[in-house]
Amino acid sequence: MSTLFGSPLAAAFLMMEAAGLGGATATMVLVPGLLGAGIGSLVFVGLGSWTGFGTFSLAVSGLPPADDPTLGALGWAVAAGVVAALLCWLIRSAALWVRPMVVRRALVLIPVLGLGIAALAILYAGVTGHDVAEVLFSGQNALGPLLRDPAAYGVGALLLLIACKGLAYAGALAGFRGGPTFPAMFIGAAGGTALAHLPGLDALSGAAIGMGAMTVGMLRLPLTSVLLATLFLGADGLTVMPLVILGVVVAYVVTLRLPDPGPRVAPAPEAA
């Protein structure tokens, strides 16, 4: 089916529906959701003489070409999946450890938490010369520059970005509102780009693997994680999809084996 449809995702969705999400589950959940998604898209594409708001794409333009998968890249995908699962566990554990203290004294500790996140952003910008927005905000807008010009980020800058963004991410989950998806993708892209400084992996493939593995570590939604990671890469998404799938599956399996630090973080609307 993957060969016939030209994408492993098409076969995965087909297997998902055929194996256990048909019948009553499809009638109650999938079919209404599918219909709602189709009708909702008319808000953007329009209907007859009604003008829509216009379509947009998550795909980043002007990306360097991705190399074809190799055995070495497959090995790095496995390693990245393990590391991403552990990093997501640490971030969620830190957020859940801090949150009860913040809730008890919200008026005092939430501003302190905000100042701490600001300090991390200033530290990162002062050391690396990059924008404080890469630490402060969700990371959706910062993904494009990172993917287009990975050479602008040295290994030290990327590792500091992961540390500062990870701590700020945990603090934001503990005391502020916002979704978990784009920060995880941005941290994953930074980690994958840093990994690409080692032999056997190009920067775009590494970033894609990192994005998928970090996303599934936070959401525990494997198909969605593969889809999001490859959508950002446009035409290169199909080339790197086998590597992303391997990284996502490894991260997902490791995440399920780790002790659960608390309730799963549910997706939520995010602002860039």
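Which element gives the most to the nonpolar patch? I looked it up, and H4 does, with four residues.

**Ground rules.** I am working from a predicted model, where local features need pLDDT of at least 70, side-chain atom pairs count only at pLDDT 80 or more, and totals for chains, interfaces and linings use all residues. Residues are numbered from 1 along each chain as its sequence is written, and side-chain values use heavy atoms, leaving out hydrogens and water.

**Surface patch.** I listed the members of the nonpolar patch: Leu35, Ile39, Leu42, Val43, Phe44, Val45, Leu47, Trp50 and Phe53. Together they have about 980 Å² of accessible area (Shrake-Rupley method, 1.4 Å probe, with only the protein chains shown counting as cover for residues). For a patch I take residues with over 30% relative accessible area and no salt bridge, joining nonpolar side chains (Val, Leu, Ile, Met, Phe, Trp, Tyr) within 5 Å and like charges within 9 Å. Helix H3 (23-40) and helix H4 (42-45) are the elements that give two or more residues to it. I also checked Val43, which lies in helix H4 and is partly exposed, with a relative accessible area of 43%. My scale is buried under 20% relative accessible area, exposed over 50%, partly exposed in between (1.4 Å probe, protein chains only).

**Whole chain.** I counted 13 helices and zero strands, using DSSP runs numbered from the N terminus (helices are H or I with at least four residues, strands are E with at least two). The chain has 272 residues, and buried ones make up 40% of them. It exposes about 13,800 Å², with carbon and sulfur atoms supplying 72% of that. I then turned to contacts (heavy atoms within 4.5 Å). Of those with a separation of 6 or more, 76% are between residues 24 or more positions apart.

**Cores.** Which residues touch the most other members of the largest nonpolar core? I found Val135, Leu147, Met211 and Leu233, out of 53 residues. A core here is a set of buried Ala, Val, Leu, Ile, Met, Phe, Trp, Tyr and Cys residues joined through side-chain atoms within 4.5 Å. H9 gives the most to this core, with nine residues. I followed Leu147 and, not counting residues up to four places away in sequence, saw it touch Val60, Leu63, Pro64, Leu204, Ala207, Met211 and Leu233. There is also a second, separate core of seven residues, Ala77, Leu195, Ile209 and Leu243 among them.

**Charges.** How many salt bridges does the structure hold? I get two, with the cut-off being a side-chain nitrogen of Lys or Arg within 4 Å of a carboxyl oxygen of Asp or Glu.

Asp260 pairs with Arg92, with the closest N and O atoms 3.8 Å apart. Asp260 lies in the segment after helix H13 (237-257) and Arg92 in helix H5 (residues 71-104), so this pair ties together parts 168 residues apart in sequence. Asp260 is partly exposed at 47% relative accessible area, whereas Arg92 is buried at 5%.

Arg220 also bridges to Asp260, the closest N and O atoms being 3.5 Å apart. Arg220 sits in the loop between helix H11 (203-219) and helix H12 (222-231), so here the tied parts are 40 residues apart in sequence. Through shared partners, Arg92, Arg220 and Asp260 join into one network.
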